Amino acid sequence: MKINNIGYLLKEGVRGIFLHGFMSFAAVCVTVACLIIVGSFSILAYNLDVMVNDLNQTSEILVYIDSDLSDAEARSIGTKINALSNVLQATFISREEALESFVKDHNGDSAFNGVQASDLRHRYEVTLEDNTLMDQTDAQLQQIPGVAKTNAAYELAQGFTTIQQVLHIVSIAMIAVLLVISLLIISNTVKLAMYDRRDEIFIMKMVGATNGFIRLPFIVEGFTLGMIGAVLAFGLEWVAYDALVQKISHVDALKLFTFVPFENLLVPMLIVFGAAGLFVGIVGSWTSIRKFMDV
Amino acid sequence: MIEFTDVVKCYEQGNRALNGVSMRIDDGEFCFLVGPSGSGKSTIIKLITGELKPTSGSVHVNSFFLERIRKREIPMLRRTVGVVFQDFRLIPNMTVYDNVAFAMRVIGARESEIRERVPYVLELVGLENKASRHPGEMSGGEQQRLAIARALVNNPSTIIADEPTGNLDPARSFEIMSLLQEINNLGTTVLVVTHEKNLVELFAKRVIAIDEGYVVSDGREGYYGNEN
Ligand SMILES: Nc1ncnc2c1ncn2[C@@H]1O[C@H](COP(=O)(O)OP(=O)(O)O)[C@@H](O)[C@H]1O
Ligand SMILES: [Mg+2]
C-alpha cells in the first residue's frame with residue numbers, strides 16, 4: 001500500500017466521524033455508558049474482595065513454644081517461623097504479656113486469681129499470606145523443633161475463603177454478562193451507523209475499490225470512536241469514584257468500609273478500558289461492515 | 001467488449017430471469033437494451049458488473065470471464081465498467097467535486113491525478129461551475145450528469161446505464177442521452193437500458209430487445225420500429 005493511500009485511509013476514517021456526526025455521537029455515548037457500567041461493577045467487586053481479604057488476614061495460627069526453652073531460645077524460633085513461605089507475620093508474645101492480656105480478659109474473676117506467668121507459654125501469633133493453605137502451614141509449624149502445639153482458626157479462615165470464592169465467581173459472571181450485553185448493544189449501534197452508509201459502501205464496490213480499501217477507513221473510524229469512548233468513560237469513572245469515596249469517608253456509619261483509592265487502580269483501569277474500547281471499535285466495525293461488503 | 005453466450009440466470013427462489021441469452025457488443029458501440037418490466041434487463045447489467053454470477057453459459061467483459069472470475073479480480077473488472085443508475089446513487093453530504101473524487105480516492109489514485117481529472121470530467125458533463133454544490137441542491141438532470149461524471153472518472157472502456165432517464169422529464173432525458181452519445185463518440189462503449197421509445201427511435205442506434213429472458217430482436221432498425 002502506497003504512502004499516499006495510508007494518508008487517505010486515515011483522513012477518510014476521521015472524516016467519516018464528522019460526516020456522520022450523529023451516529024458517531026450515539027456510538028460513543030453507548031460505548032461510554034457500557035464501559036462505565038462494567039467498570040463500576042468491576043471496581044465494586046475489587047473493593048469487596050480487598051475488604052474480605054483484609055478481614056481474612058486477621059485469622060491467625062497461635063504457635064505455643066515448649067516451656068522448657070529459655071526466653072532467648074523461644075525468641076529465636078521466630079526466624080524459623082518467618083522463614084516459612086506462607087507466613088505473613090509472626091508476632092512474639094511472651095508469657096508475661098500473655099498473662100497481662102489474660103488478666104485483662106478475666107478481670108475480677110476470682111477463679112483465675114492464682115494464675116502465674118510461669119503457668120503460661122511463650123507464643124507466636126502467626127498471620128498467613130494465603131489462608132487456603134492454613135492446614136499445610138500449620139503442619140509445617142508443628143515440625144519446627146521447640147513448638148509444643150499450635151491452634152489454628154480453621155473455621156474462621158474457611159468461612160472467609162468461601163465468601164471470597166463466591167464473590168469471585170459472582171463478579172466474574174456478572175462482568176462477563178455485562179460485557180456481552182455491552183458488546184451486543186455497541187455492535188447494534190455500529191450496525192445502524194453502517195446501515196446509514198450502505199450507499200457509500202455500494203458505490204465503493206461499484207467503482208472497483210478493493211475490500212481492504214473499503215474496510216480500512218471504517219476500522220480507523222471504529223478505532224478512533226472506541227478510544228474516545230474509552231477515554232471519556234475512564235475520566236468520568238475516575239471523577240465519580242473519587243466523589244463517592246469522599247462522601248462515604250465522611251459518613252460515620254460507613255467508616256467500616258475502606259475503599260481503594262482510584263490512583264491505585266489507574267494502570268489496570270486504563271488498560272482494561274483501553275482494551276475494551278479498542279476491541280469494541282475494531283471488532284464492531286469489522287463485523288458489521290461485512291454484511292454490506294457482499295456485493 | 002461484452003459477450004453473452006447461452007446465459008441462463010436463475011435466482012435462488014427458482015425464478016428464471018434469463019433463458020439462454022446470447023449477444024455481443026463490440027468496443028466502441030452504442031447500444032440500447034429494451035424490454036418490458038421484469039424481462040431481465042437489470043439482471044443482464046448485474047451479470048456484467050459481477051454483482052451476479054451466471055447459472056450457466058459464459059459472460060465475457062473486457063478480458064474477464066464472469067462465470068469463473070475470482071472474488072479478488074472483481075474490483076479490477078469494475079474499474080473497466082462505469083455504472084449509472086436510475087436513482088443516481090450520489091452521496092448527499094459530499095460536494096459535487098468530492099462525489100467524483102471519491103471514486104478515484106477509493107481505488108488509490110494520487111491526489112495530483114485527482115486534481116487534474118475531476119475538473120476535466122465535470123466540464124465534460126457541464127457541471128464545471130457547480131463543483132462546490134451538494135447533490136441535494138441540484139435538479140434531477142444535473143444529478144444524473146454528476147453520476148455520469150463519477151462513472152467516467154476512472155476512464156473505463158465501457159459505460160452501462162440502467163434506466164438513467166427513468167426519473168427525468170423528456171427534455172432532461174434527451175440531454176442525458178445526448179451526453180452518453182457524446183461519450184460514445186470519444187471512444188467509450190455504451191450500453192443503455194431504457195423504456196423511452198421516442199429516444200430510442202430518435203437516436204437510431206443498435207437496439208437489443210429482451211422479453212421473458214430471451215433476446216427477441218437485435219438490430220439497427222430497432223425493436224419499437226418493428227412494431228409499427
Ligand atoms: N433478487 C431477485 N430475486 C429473485 N428474483 C428476482 C430478483 N431480481 C429480479 N428477479 C426476477 O427476475 C426477473 C427479471 O428481473 P429484472 O432483471 O430486474 O427485470 P427488468 O430490469 O427487465 O425489469 C423478474 O421476474 C424478477 O422478478
Ligand atoms: Mg430493471
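Mentor: A salt bridge is defined here as a side-chain nitrogen of Lys or Arg within 4 Å of a carboxyl oxygen of Asp or Glu. Between chain A and chain B the count is one salt bridge. B:R89 forms that salt bridge with A:D199, and the closest N and O atoms are 3.8 Å apart.

Some conventions come next. This is a predicted model, in which local features need pLDDT of at least 70 and side-chain atom pairs count only at pLDDT 80 or more, while totals for chains, interfaces and linings use all residues. Residues are numbered from 1 along each chain as its sequence is written, chains are lettered from A and ligands numbered from 1 in the order in which they are written, and side-chain values use heavy atoms, with hydrogens and water left out.

Polar contacts (pairs of N or O atoms within 3.5 Å; within protein, one must be able to donate a hydrogen and the other to accept it, and residues adjacent in sequence count only if both atoms are side-chain atoms) are the next item. Two residue pairs, both residues at pLDDT 80 or more, are in polar contact between chain A and chain B. On the side of chain A that touches chain B, α1 (3-19) and α7 (198-206) of chain A each supply at least two residues; helices here are DSSP runs of H or I with at least four residues, strands are runs of E with at least two, and both are numbered from the N terminus. The largest share of that side, seven residues, comes from α7(A). By class, the side of chain A that touches chain B has 10 nonpolar, five polar and seven charged residues. Nonpolar means Ala, Val, Leu, Ile, Met, Phe, Trp, Tyr, Cys and Pro, charged means Asp, Glu, Lys and Arg, and the others, Gly among them, count as polar.

As for extent, 22 residues of chain A are in contact (heavy atoms within 4.5 Å) with 24 residues of chain B. The two chains bury about 2000 Å² between them, 61% of it on carbon and sulfur atoms; buried area is the accessible area (1.4 Å probe) lost on putting two parts together, summed over both. A:I203, A:M206 and A:V207 supply 30% of the area that chain A buries against chain B, more than any other three residues.

The predictor gives the complex an ipTM of 0.92 and a pTM of 0.74. By pLDDT, the predictor's confidence in each residue from 0 to 100, chain A averages 81 and chain B averages 94. Within chain A, confidence is lowest in α1(A), at a mean of 73, and highest in α7(A), at 91.
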